[in-house]
Amino acid sequence: MPRFLHTADWQIGRQYSRFAEEDASILADARFTAIETLAALATEQAVDAVLVAGDVFDAQNLSDRTIHRTFQAMAGFTGPWLLLPGNHDAALAESVWTHAQRLSAVPDNVDLLLTPEVRVYQDLGFAVLPAPLTQRQTYNDLTEWFDRADTPEGLLRIGLAHGSVEGQLAEEIDSTNPIAADRAATARLDYLALGDWHGYKTIDARTRYSGTPEQERFKDNGAGQALIVDIERPGAEPQVQSHTTGQFQWIKHQDTLAVASDIERLMTELDALPPRSVVDLTLNGEVDLSGYQTLLHYLGGAEARHRSFQSHLSGLNLIPTEEDIAALHADGYVGEVIGELRERQEGQGEEADTARTALAILAGMLRENGTTSESEQVESAK
Amino acid sequence: MKLTRLRLDQLKQFRQPLEIRDLTDGINLFVGPNESGKSTLVRAIRAAFFERYKSSSVDDLQPWGDTSATPEIELEFDWQGEHWTLNKRFLGKKRCDLKVGSQHFSGEEAEEKLAEMLGYQFPGRGASKAEHWGIPGLLWVEQGAVQDIQGPVSHAGEHLQSALGQSLGEVASSGGDELIARVEKERAELLTTTGKETKDYKKVLEDYRHSRERLDALNQSVEQYRQQVDQLGVLIEQKQTIDAARPWEEQRRKADTAKTQLNEVQRWQSEQRQDQQALDNCRQSQAVYRQQLKDFENQQHQLTQRAEDKAKAEAQLQECRDRRPQLEKRRADAEKAYEQARSRREQARHQAERTRLQQQIDELADRQSQQADALKQATELQVALKKLHAQQPDKDIDPAALAQLKRTEQALSELVIRQKALATRLNYELEPEQSITVGDEAVTGEGETLLVEATELHIPGIGRLRIQPGGTDVADLLRQQEALQSEQANLQRRLDIESFEEGEQRAADSQRLAQAIKHEQARLDILAPKGVDALRTTAEQDGARLETLRAQWAQLPEVQADVTSEENAEADLEAARAELKRAEDALNQHQQQQGLAEQASANAHAEWDKLNAELQAPDRKAREEQANKELTELKAREHQLTTAIDARQKQIDAAQPEVLEQDIERFTKSANAMETQARERAQNIRDLQVRLEEQGAQGLEEKRDEEAQINQRLAQRRDELTRRAQALDLLLKLLKDKRQALTRQLQAPLQKHLNHYLKLLFPQAHLSVDENLMPTTLTRPQGTGEEQGDLPSLSYGAREQMGLISRLAYADLLREAGKPTLIILDDALVHSDSQRLDQMKRILFDAARRHQVLLFSCHPENWRDLGATPKDLQALKVGYSAPASGDRGAERGGAASSNC
């Protein structure tokens, strides 16, 4: 009874430019860790083979070190690894694969499925029909030949492909690298392991996307898992169970503040997020100065709590109240300046942003002044 | 605010308590000599407000040498309807108490309350300094400091703005300036004053740009790499689909087939060329024989022609010889005619010479007879002239003297007429026989006598009457007459005449004589222009020449009568010479013609002889026959060759050798190109693979992604800095704008008060105020224009006056804002001259109507007319409170230019 580990879209070599340097390198490292996790899982689950359905690498032209590290991370599983080229690492005339081969970085137990031809694993009881991308993009269904390909009697027919199943992924309707939705049926496959879609998705009983083992987008679609697939015998329906492999959760949080108590509510919601996540927070609406200070103070703490915490406050207008101004001792013309900035921050343009920033700076300075002068007074009183 | 009472104890020189009561509204004048305690009093008031009661830095307040003393100050004042009492003790028993109505404050609370009310602050530690004094620092002026306005105004600035701000509707800001300075500082970290980026900010921008450039370069490399990968893919596919089949071999086979065909055709072409050559030779030989036969035929014709030519030349020679005698005769005749013409011309020349000489002789003889006549007449005229000249001296007379004489005579006659008019007329009608004597003259009968002078009338028997003509003119006229008569006599004597008429006669005679001389001389000049002697010499010379000419004429030969004129003879001779020349030329020409004709005749003979000999040669017939035979054989050979060539050419044309050659070339080239292409493709694939392997090893895309990451972060940092810079810029601009707007609102009222005082000092002057409410420039009318001066550039005295005026204007402003004002002046205006001082006193008096003023001076005489009762400090000190005596100050004072 063959058992497989189905994964895809490792995207090794991906960089995270939107994050702080330290966070970015940790997130990049997490992708190697994911391979180790997969290897450990494969060993633990005693699978017969690991099927990687494309986009092992994020780019063609990677450093020797990255290539070596990738294959070394697979050491935890000594069974066969079947790697399929995807759109990011297509099997071009010169590719990351030829590079890896030249480096002799590819261990013996790793099979590179660089050509569209049947591979027979007689001892293990299955034959593989791979549909590697040999161009970066194609508008033909590369799995078409599966329908006509013969495999030895009594072996499972396992398909590996990378692309978009037609009519299933609404967001990618016109996308390239199409795959017929009924390919598993027409090609008499026992299982079709797919890659390209980074989330976990079941197309039919025999056709699935495993998703990427380590999340790298703010999309809540079941990424960060691997699939263990059991198939009793040819023709039997595969039994699939998912296992979490991801380290970090990517969470996108959006909120609009209107009244003072909204800040309290927001903080409660943010507190509830799993720690050490990668968080992207966007706030809109209005907030008074004291609320703003509270918010900044809270966000400072939240940044420490998470792997990465990015907040976008440009949609948030500062609306100083009378009490704010009084508390800042912003009397006289300084008060007028606050009023003017408050008006100018309305709207979306760059000028509004500038005014908003100016207002925040002014409020900060006044607050500091207030505390200094108070402390001065205290000191002089002594 | 009105200070009502002041009490000091144990303070500096006041070891005993000093109390000053009954301070009034308006001016309070304190006078006293040096060291009488004025400055101590001022110091005490300042200490009461400015110094912390706890301060240990005020030991200068203690009396000298008494370190245990407790300097104490007590002040009472009214403000806002309440009575305030401040008691402050320093050092020994530190204490501060403030009573306001029924309320009581003590310690720092009391101090802060006062500071807030008056607008000043306390130092953090140590003694209070100028920067802490705020508004009182402006209104309480220390000795000799009234002219310094800059410092106090800036120290008071914030207090002023906040104090005055309340009256302007809460527009001032308590911490505004500090805030502006802070924003400016923050902005300066990012931007220069002109808005350029500063070092760090600039570096971020540059880093970003450099990173961007690197990223672009990497992107390009990656793109290039991808293109090369694609190219490699294409090449490999081509190699597999095209080159594997070796298509060039087929092309080479086709080329070989065409080559075999072409070789056969080329052999035919070679044979064709040989036959063609033979045909050409055959045709050339035929032409040679034909020419030979034709030449034989031509020689017979030529002999006939040459015989004709020979006869013609002989005839021409003969004709030439026949013409000679005729030409020789013509020349002889011409020679003879020429000789005759020459002889005739000689004769004509002689005749002409004779005629010319005869003419000259006739002319000369005629002139000689005329000259003889003229000479005779001239000699006679010369004699007559001599006679006339001899008469001339007798008749000569001076015309000027004569004119003078004429004028004298006229004057005399006028005088007589006037005498007659003026003279006493004596008419008488005497009895007959009776006579009287008038003067010396005896008179009878009747008549009239004019008496021009005293005349005695003697009437016989009666006696003598003496008649004196009236008037002086008669006597005067008589004297004039005598003078004129004397002149007349003189002139007549000089001219040697008896009367004027005689003179005139002589003048007329003299004129006539002169005319006669002139007339005769003119005639003589015509006859002998160069004188009579010259005339005579000319006549003698002409006579000699006539003799010579006559001798010449006689020598010339006699001539025949029919001689022609010289011109005709010359023309005839010329014609004869021309004829002779023509005759000689004709003869010469003929001789040449004859020579040529003889030569031509000889040549013709020789040619005919030569050709005739040739025609008569013996082998000529045999040669002609041989030539005819050869020609026939050659014609048969030509026909044979032409037939063979035509047949073979058709064969060659059908084979199309050019097309065959093109085919060979085309197939060969195609094969070569295909092979080359395949080789190149293989090479390209190898090259590309090597290159891509190299580039692949560099990890280009990874590097690119890393650079993109760096770039993104730099962009973020840049955007943050830019936003912050823009925000700070905006903030600073807004703060400054608002502050300026506020300042403008404050400027106007201050200006108003300044001008109020200024017009008392300088009518129509204007003192401007800057945005910090600092007086800056004084503008005064000067002549027709204006004079402008910044405050520091004014004289010490003027600065002092402007300083005081500014302070008073501030006081007015504060008062309007409902703030307490108290003005303290310690020896102000010592540098003002008496006239300005008078104006300043008016100003002070005016100000004192609104503010309480404490004025301290050691020059009481200067302030006597201030309208205030001076308080003598010395008297106060000893407890005697009496009005101070101004006279004592005046005794000491003199010019009030030194500080007390």
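Modeller: What follows is a conversation about the interface between two chains in a predicted model.

Colleague: What makes Lys738(B) and Glu340(A) a salt bridge?

Modeller: The rule asks for a side-chain nitrogen of Lys or Arg within 4 Å of a carboxyl oxygen of Asp or Glu. The closest N and O atoms of Lys738(B) and Glu340(A) are 3.1 Å apart, which is within 4 Å, and therefore the pair is called a salt bridge. Across the interface of chain B and chain A the rule finds 2 salt bridges, and there are also 11 residue pairs in polar contact, counted where both residues have pLDDT 80 or more.

Colleague: Which helix of chain B gives the most to the side that touches chain A?

Modeller: That is helix 16 of chain B, which supplies 22 residues. At least two residues each come from helix 5 (176-188), helix 6 (199-241), helix 15 (657-698) and helix 16 (700-761) of chain B. Sorted by class, this side of chain B holds 20 nonpolar, 11 polar and 17 charged residues.

Colleague: How do you know that chain B and chain A are in contact?

Modeller: Contact requires heavy atoms within 4.5 Å, and by that criterion 48 residues of chain B are in contact with 45 residues of chain A.

Colleague: How much area do chain B and chain A bury between them?

Modeller: The two chains bury about 4000 Å² between them, with 56% of that area on carbon and sulfur atoms. The size of an interface is often given as the accessible area lost when the parts come together.

Definitions and conventions:
Residues numbered from 1 in each chain as written. Chains lettered and ligands numbered in written order. Predicted model: local features only at pLDDT ≥ 70, side-chain atom pairs only at ≥ 80, totals over all residues. Heavy atoms only, no water. Buried area = accessible area lost by both parts, 1.4 Å probe. Polar contact = N/O pair within 3.5 Å; in protein donor to acceptor, adjacent residues only side chain to side chain. Helix = DSSP H or I, 4+ residues; strand = E, 2+ residues; numbered from the N terminus. Nonpolar A, V, L, I, M, F, W, Y, C, P; charged D, E, K, R; others polar.
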